[in-house]
Protein chains: 2
Amino acid sequence: MSLPNSENATTLENAMQLMIQTFHKYSGNEGDKYTLSKVELKEMLTKELGSYLGRRCKCRLSVEKIMGDLDSNNDGEVDFTEFIILVGALTVACNDFFLDGLNVRSEHPWKTR
Amino acid sequence: MSLPNSENATTLENAMQLMIQTFHKYSGNEGDKYTLSKVELKEMLTKELGSYLGRRCKCRLSVEKIMGDLDSNNDGEVDFTEFIILVGALTVACNDFFLDGLNVRSEHPWKTR
């Protein structure tokens with residue numbers, strides 16, 4: 001299984017590549033190149049998800065809370081699987097927001113978890 | 001929380017939007033517009049993930065197996081959260097493959113789950 005090169009990647013493959021690229025863009029900045037330290041996590045949250053998290057990603061306590069929630073193996077770092085869980089949760093929240101906008105959820109309350 | 005329009009979306013926001021768009025592109029084809037039926041799931045797997053799943057996404061049994069694995073609430077449909085779990089798992093597998101290519105995992109076997 002390898003990543004098709006971008007030109008012939010499908011929309012979904014493109015999304016997957018963008019997530020991998022984004023993680024490695026920040027994880028490689030300090031310490032372990034394949035995990036996000038607290039500093040790297042804060043930079044990624046601020047630069048990549050600022051419009052979702054707003055001021056929360058600038059506030060140390062919030063970053064520590066997010067780090068605590070993500071760091072399921074308690075090694076003080078966020079690895080790729082923990083990062084994908086964050087992105088997945090935010091994407092589901094966005095889709096719910098999108099369905100709210102379409103007034104779908106009020107008609108189909110079971111549509112969401 | 002809303003999706004920033006694409007021009008000023010970050011790489012990660014772009015990936016999230018692509019996943020939402022892809023799901024709704026196929027879920028809207030028949031039956032419930034906000035879930036993937038078996039037919040819609042097969043079409044999505046074939047067109048979007050053909051290079052990952054190869055022949056498996058054309059074979060009825062494999063699609064049923066994937067549907068069975070994804071359909072955690074057993075309603076015979078794949079909802080958005082179940083779809084994101086599939087994409088997340090495939091993305092982690094791709095990242096592992098990417099790290100294998102860099103001979104990272106042999107040096108850091110704990111790097112993966």
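The paragraphs below lead through the symmetry, the helix packing and the aromatic pairs of this predicted model.

In this predicted model, local features need pLDDT of at least 70 and side-chain atom pairs count only at pLDDT 80 or more, while totals for chains, interfaces and linings use all residues. Residues are numbered from 1 along each chain as its sequence is written, chains are lettered from A in the order in which they are written, and side-chain values use heavy atoms, with hydrogens and water left out.

Chain A can be laid on chain B with an RMSD of 0.0 Å by a turn of 180° and a shift of 0.0 Å along the axis, where the copies are superposed by least squares on the C-alpha atoms of residues with pLDDT of at least 70 in both. That is the relation of a two-fold axis. Within chain A, the C-alpha nearest this axis belongs to A:Ala15, at 2.1 Å from it. Both copies use the same surface, since 100% of the contact residues of chain A recur in chain B, contact meaning heavy atoms within 4.5 Å.

A:Ala15 also takes part in the contact between H1(A) and H1(B); helices here are DSSP runs (H or I, at least four residues), numbered from the N terminus. The two helices pack at an angle of about 155°, with their axes 8 Å apart, the axes being lines fitted to C-alpha atoms over the stretch in contact and the angles running from 0 to 180 degrees between N-to-C directions. H1(A) and H1(B) are therefore roughly antiparallel to each other (angles under 35 degrees count as roughly parallel, over 145 as roughly antiparallel, 65 to 115 as roughly perpendicular and the rest as oblique). The residues of this contact, among them A:Leu18 and B:Leu18, divide into 8 nonpolar, 6 polar and no charged (Ala, Val, Leu, Ile, Met, Phe, Trp, Tyr, Cys and Pro count as nonpolar, Asp, Glu, Lys and Arg as charged, and the others, Gly among them, as polar).

Within chain B, helix H1 (residues 11-27) and helix H2 (residues 38-53) pack at an angle of about 130°, with their axes 9 Å apart, and are therefore oblique to each other. Here B:Thr22, B:Lys25, B:Tyr26 and B:Ser27 in H1(B) meet residues of H2(B) including B:Glu40 and B:Lys47, and the contact divides into 2 nonpolar, 2 polar and 5 charged residues.

Over all chains the count comes to 6 aromatic pairs (rings of Phe, Tyr and Trp, the last by its six-membered ring, pair if their centres lie within 6.5 Å; planes under 30 degrees apart count as stacked, over 60 as edge-to-face and the rest as tilted). A:Phe23 and A:Phe83 form a tilted pair, 5.1 Å centre to centre with 50° between the planes. This pair links distant parts of the chain, with A:Phe23 in helix H1 (residues 11-27) of chain A and A:Phe83 in helix H4 (residues 80-101) of chain A, 60 residues apart.
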